[in-house]
Every structure is written in C-alpha cells, then in structure tokens.
Amino acid sequence: MSVLSRLEQKIHFGRLLLNLPGGARESFGNGNPEVEWVVHKARTLSHIARDPEVRLGESYVEGEWDAGECGLLPLLEVLLRNYPLQRPQGWQHLVQVLRQWQRQWNRLTQSKRNVAHHYGREEEFFQYFLDPELHYSCAYFEEPGVSLEQAQRAKCRHIMNKLLPEPGQQLLDIGCGWGGLGSYLAEHAGVNVTGLTLADNQRRVAEQRAAERGLDGRARFLLEDYRTHRGRYDRIVSVGMFEHVGLPNYRRYFEAIKQQLAPDGVALVHTIGCFTDTGGANPWLERYIFPGSDCPLLSDIHRAIEAAGLISADIEVLRLHYAWTLSAWLERLQQHRREISARWGERFYRMWEFYLAACSASFRWRDTVVFQIQLSHRLDTVPATRDYLYTGQADWQTGHPALLYPASGERRSSRGDRRKRVTDI
C-alpha cells in the first residue's frame with residue numbers, strides 16, 4: 001500500500017493538505033483544523049512511513065518538510081491524533097523492554113553524560129523560552145488565560161501545600177534544576193533547602209539567584225547524585241527528575257527517599273508518566289533530546305514505592321497542564337528563532353522546535369500525563385482529605401503562600417497542632 005493510500009485511510013480528524021515536490025497537491029480528511037504539510041524531497045514520506053517515531057523528527061530537523069502557514073504544532077496534533085500509538089505485541093514487546101532496560105540502566109557516569117547532553121547548555125538558551133525563574137517542568141494552570149509565569153508560581157504553591165512544610169524544617173530537592181522551586185520554598189515556607197543537580201551550570205545559577213534573594217544561608221545547591229547523597233530531611237521533593245532515573249533504578253530511587261525521610265516526613269514526586277506500555281520513551285526523543293529518559297507507567301512506579309516500604313498518601317494526575325506549558329514554551333521559542341539560529345544553527349533550532357511541538361501534541365492527543373505522588377511513612381502524617389489544598393487560598397499573585405489550614409484562619413502553629421487535626425477527623 002502506498003503512503004498516500006495509507007494517509008487516505010488514516011486521516012479522519014481534521015483536514016490534511018499535502019504539498020509534494022514538483023507541485024502536486026493532495027487532500028485527506030474533512031474538517032477542522034485544516035493543516036498543511038509541505039514535503040520538499042520525493043523519498044521523505046516513504047522514509048517516515050518505515051519508522052515514523054524516529055524519521056518524522058529527523059526529517060524535519062534536516063529540512064525535508066515544513067508545516068506551511070498553519071504552524072508546526074497544529075500539523076503534529078493532526079498527525080498524532082490520527083496515528084495513535086500501538087502497543088507492541090509478542091516478541092516485539094519483549095525486544096522493546098530489553099532495549100528499554102539497556103538504554104535506561106543509567107549508572108552514575110552515564111547519568112552525568114545524559115544530564116550534560118541536555119541541561120549542560122548555557123542558561124541563556126533556556127531563557128529564550130522558559131519563565132524568568134527557569135522552571136523547566138509542567139506548570140499548573142488554575143484557570144484559563146493565566147500566564148506561564150502565573151501558572152509556574154501556582155505549581156510551586158500547589159507543591160508547597162502538598163509538602164505541608166513548617167518553618168525551620170530541612171528539605172531536600174532531588175533534581176533542583178536552576179533552583180526556582182527550592183528558592184520559592186525557602187522564601188515562602190521558611191524551610192532550609194538542599195538541592196541536588198548533576199549540571200554545574202544549574203548549580204551555579206541556583207546559588208547565584210538564592211544569594212541575590214538573601215537566601216544563601218537557607219538554600220544550598222550541590223553537584224551530587226541522589227544515589228550518593230546522605231542526609232536526614234523533614235521534607236523531600238523531586239520535580240521533573242524521575243523521568244531520568246530509568247526503570248532499573250526505580251526501587252533504588254524510592255529507597256533513597258525512604259532512608260532520608262524523617263519518620264513523620266512528607267515527600268512529593270512530580271513526574272511525567274503514561275498510561276500505555278509502549279516500550280519506553282519515544283526513540284527520537286531519547287536519541288536526540290533526553291538520552292536515558294523514560295516515560296514511566298504508574299504501575300511500575302507504584303511497584304517500586306511498595307518495594308521500598310513507602311505509603312502513597314495521595315496521587316494526582318495533571319492531564320492537560322503540560323500540553324499548555326509546552327505550547328507556551330514553543331510560542332516563546334519561535335519568537336526567538338532568528339537569535340537561536342544565528343548562535344546555534346538552524347538545525348539546532350528545528351530540533352528544539354520539533355521537540356516542544358511534538359511533546360505538546362503528545363500530551364494533548366496521546367496518553368502522556370503528569371503524576372504528582374505524595375509519600376509518607378505513616379497513614380496519619382498528612383490530612384485525610386484534600387481540603388487543605390484548595391480552601392482559603394491567598395491571592396497567589398501577591399506572592400503570599402496559601403493558608404494550609406484556613407478553617408481556623410491561621411496557619412498551623414506546631415507539629416502537634418497539625419497531628420491533632422489529622423487524628424480528630
């Protein structure tokens with residue numbers, strides 16, 4: 001069956017206008033959105049058809065096709081919506097699982113190389129598309145129309161409330177990035193933060209920004225792996241890092257949290273995840289953007305949590321928030337195409353543009369989501385309902401943290417007071 005015949009059979013959602021080399025023009029589907037696919041080389045479509053998960057991205061980076069006036073994101077949304085992921089069967093599934101384990105073993109030296117590949121680039125590049133605090137993870141859009149900056153701040157507050165922090169407590173941030181969340185928690189919750197990263201440029205920026213805010217005594221950032229770090233913490237948080245742990249290391253990761261979390265401590269793991277076992281991360285993404293990465297299944301995560309002896313106090317699924325976040329990043333990146341291409345090259349720009357657009361489309365039309373998993377040692381550590389997260393919130397645009405126990409009109413005054421409220425429910 002020819003590639004054009006396959007498109008005729010597959011395209012049902014939206015209308016795809018295909019411009020071929022030599023001026024030929026084909027149309028598939030009928031409806032909205034209407035998108036345009038401009039192919040520059042005769043063999044591009046057949047190459048993509050043989051390995052779409054890899055070749056679609058590779059051929060875009062090499063300039064073999066463009067999206068026309070509709071833009072890259074709408075085109076990819078139509079393609080991904082009409083070509084859902086297929087779960088491999090039989091021996092194909094076994095081969096993918098074995099490859100996944102091989103790619104994601106992620107020993108310490110390999111983890112450092114993987115981090116350097118993506119995060120080792122100067123922060124100036126990330127400033128082109130992230131918010132000023134350089135939050136490089138899914139934002140939390142509380143209502144339509146809020147800005148990326150507002151949504152990232154809401155994410156910080158939402159996580160802070162789930163951690164139930166108390167002033168003076170010790171908090172560990174595993175995979176602290178450029179320190180935005182750690183500094184927020186030190187400033188608004190009054191905790192003492194230790195952040196871990198394997199990227200020296202991230203550590204440098206995090207320390208510099210904490211010092212500028214007068215937090216250098218309450219927020220420190222270390223160039224260290226979670227497997228070698230030792231300490232005792234009242235609170236542990238990890239945002240956007242678990243995707244880089246690798247399936248063979250899941251249990252070791254949660255055992256590290258258990259060993260360092262105080263008996264009455266609370267931990268929060270925020271990670272990308274998926275609902276379908278397709279054999280791991282997208283191969284193009286793993287090869288060019290995030291080597292050693294993973295898109296974990298909740299079942300695999302929870303088996304490791306159970307094996308480590310921790311309790312899942314709460315699991316929340318953020319379904320479309322990352323699609324909105326990535327769309328905002330993509331728009332900002334595209335606004336700086338000229339500067340990025342001039343400094344790092346057009347091929348580099350197209351690679352990052354495709355990465356952001358493809359991930360946004362995946363979070364919108366495939367099975368990719370974000371899990372927030374709250375962990376503890378005991379059943380009575382956190383409140384028995386979620387009311388404390390949503391009632392009586394302060395105006396988050398003012399920068400003041402939400403009231404964790406608004407019913408009394410006061411923030412909890414002591415650990416004993418908090419525990420009394422939990423056990424009295």
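**A helix and its surroundings**

Modeller: The charged end of R350 sits over the ring of Y60, at 4.0 Å from the ring centre. This is a predicted model. R364 makes a contact of this kind too: its charged end sits over the ring of W365, 4.2 Å from the centre.

Now the rings. The structure holds 33 aromatic pairs. One of them joins F126 and W352: the ring centres are 5.8 Å apart and the planes stand at 85 degrees, so the pair is edge-to-face. The cut-off for that label is over 60 degrees. This pair links distant parts of the chain. F126 lies in helix α7 (residues 123-127) and W352 in helix α16, 226 residues apart. Both F126 and W352 are buried.

W352 also pairs with Y355. That pair is edge-to-face as well, at 5.3 Å centre to centre and 80 degrees between the planes. W352 and Y355 both belong to α16. They are three residues apart, about one turn of the helix. An α-helix has 3.6 residues a turn, so residues three or four places apart point the same way. How exposed are the two? W352 has a relative accessible area of 3% and is buried. Y355 counts as buried too, at 3% relative accessibility. The limit for buried is under 20%.

Next, strand β6 (residues 192-197). Five of its six residues are buried, so the strand is largely enclosed by the rest of the structure. β6 has a parallel partner in strand β5 (residues 170-174), joined to it by five bridges. Within that pairing, L171 has V193 of β6 as its bridge partner. β6 also pairs with strand β7 (residues 219-223), again in the parallel sense and over five bridges. There, T194 stands opposite R220 of β7.

β5, helix α9 (residues 180-189) and β6 make a right-handed β-α-β unit. β6, helix α10 (residues 200-212) and β7 make another right-handed unit of this type.

Buried in α10 are N201, Q202, V205, A206, R209 and A210. Seen down the axis of α10, the buried residues fall within an arc of 160 degrees, so they line one face of the helix. G214 follows α10 and has a positive phi, near 75 degrees.

Last, an open sheet. Four strands form it in the order β2-β1-β3-β4, with mixed pairing. β2 (25-29) and β4 (65-66) stand at the edges with a single partner strand each, so one side of each has no neighbour in the sheet. Strand β3 (residues 34-39) and β4 run antiparallel and are joined by two bridges. V38 stands opposite D66 of β4.

Notes:
Residues are numbered from 1 along each chain as its sequence is written. This is a predicted model: local features need pLDDT of at least 70, side-chain atom pairs count only at pLDDT 80 or more; totals for chains, interfaces and linings use all residues. Side-chain values use heavy atoms; hydrogens and water are left out. Buried means under 20% relative accessible area, exposed over 50%, partly exposed in between (1.4 Å probe, protein chains only). Two strands pair if DSSP finds at least two bridges between them. A crossover is right-handed if, with the strands pointing away from the viewer, the path from the first strand over the helix to the second runs clockwise. Rings of Phe, Tyr and Trp (its six-membered ring) pair if their centres lie within 6.5 Å; planes under 30 degrees apart count as stacked, over 60 as edge-to-face and the rest as tilted. A charge sits over a ring if NZ of Lys or CZ of Arg is within 6 Å of the ring centre and within 35 degrees of the ring normal. The arc is that of the directions from the helix axis to the C-beta atoms.
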